[in-house]
Amino acid sequence: MVRKFLYLVAILTGLFVAGRLALTFWGTDLARLALVPTGGYERAAPLPPGAYAEAPMWLSRPGAANDPARFRPTGLAADPAPLGAAVFFIHPTSYINRAHWNAPLDDAEANRLAGAMARGMASAFNASPQLWAPRYRQATFGAFLTDKAARDAAIDLAYGDVRQAFAAFLAAIPADQPIVLVGHSQGGLHLKRLIRDEVAGKPLARRIVAAYVVGWPVSIAHDLPAMGLPACASAAQTGCVASWLSYAEPAEPRDTREAYRRNPALDGKAPGDSPMLCTNPLTWTIGAAAPASANRGTLVPGKAEGTGTLTPGMVPARCGPDQFLLIGPPPEMGDYVLPGNNYHVYDIPLFWANLRDNVAVRTAAWRAAGSPAR
């Protein structure tokens, strides 16, 4: 279904969730031997009805104690008013154990790493009192490194959990509340499917403020029509999709682009040389460029776990001719910059403050119009 692109993204995500892996020294073949589960697929039933009514099924939700997504970095000013939209955030891969094809919901290490991701990524949306991020039986890292049939089964099981969590989210929020959708990496893959299955052509589409599908490619020709939402072309547009994949320069994204070319999109067709969506998160237009002075704050991780500082003016952004987001010379963000100057794991932190501000702008525009402004 998704083949080689999954191989690359799995390696990238795995480096974030487990710095022990160094792609510089580990080839894909060795990673397969080390991380692909050797046992047969353990077929699992869907979660029981009402599973997501239980608080432990959520990484983040209103009223949760010790909610990692409520992290506020040093340098963040108080928000002028609570965000009026509800946010549904799907976290990237945090399970690399080869013991199972899908993460057990009670795996302590996977949950700890998912919490770290929520601090760095979902926190950009915590101006909303209604920020929801489900735990789900995510496909293990190694599932993305193989062509075994178990791979697709593992991804489908994870998606089934996300879809069930989304139904619980909808039931828990007011029926007329606008909605922001966010997914990164594996979360972005699930979000594309979720929009196709639950939003496209349905009344719910009118409640979508925006969908941020980050760290996973979105084909303009082969994904967006199936999602039923246009690409975001301005900062205040609503009911639209934004997406980017970040590289410092000189960038070497050839393998990622080749994988995108060959693997089926939501319509079942390979995108080939058709453009993928590149939203510039400093201008919120397609294929644009902006100087570092337009960057209102990059979330730079602190040396101590759970700390970070907003640094304005740190990186520029421009969409390159191959639709990757280029951020100039490599900025110092920590230990998880990937070969080829790939800043995949920092896609959201690089533009943390601009993203936070943009959600507020789009939500205000949605409320002013009473529905998506396209």
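So, six strands make an open sheet here, in the order 1-3-2-4-5-6, and the pairing is mixed. Strands are DSSP E runs of at least two residues, helices are H or I runs of at least four, both numbered from the N terminus, and two strands pair if DSSP finds at least two bridges between them. This is a predicted model, where local features need pLDDT of at least 70 and side-chain atom pairs pLDDT 80 or more, while totals for chains, interfaces and linings use all residues. Numbering starts from 1 along each chain as its sequence is written, and side-chain values use heavy atoms, without hydrogens or water.

Strand 1 (58–60) and strand 6 (240–242) each have a single partner strand, so one side of each has no neighbour in the sheet. Further in, strand 4 (179–184) and strand 5 (208–214) run parallel, joined by six bridges; Gly183, for instance, is bridged to Val213 of strand 5.

Now the helices. Helix 4 (149–172) and helix 5 (186–198) pack at about 60°, axes 10 Å apart. Axes are fitted to C-alpha atoms, for helices over the stretch in contact, and angles run from 0 to 180 degrees between N-to-C directions. So that pair counts as oblique, meaning not under 35 degrees (roughly parallel), over 145 (roughly antiparallel) or 65 to 115 (roughly perpendicular).

Who touches whom? Contact means heavy atoms within 4.5 Å: helix 4 brings residues including Tyr159, Arg163 and Phe166, and helix 5 brings, among them, Leu189, His190 and Arg193.
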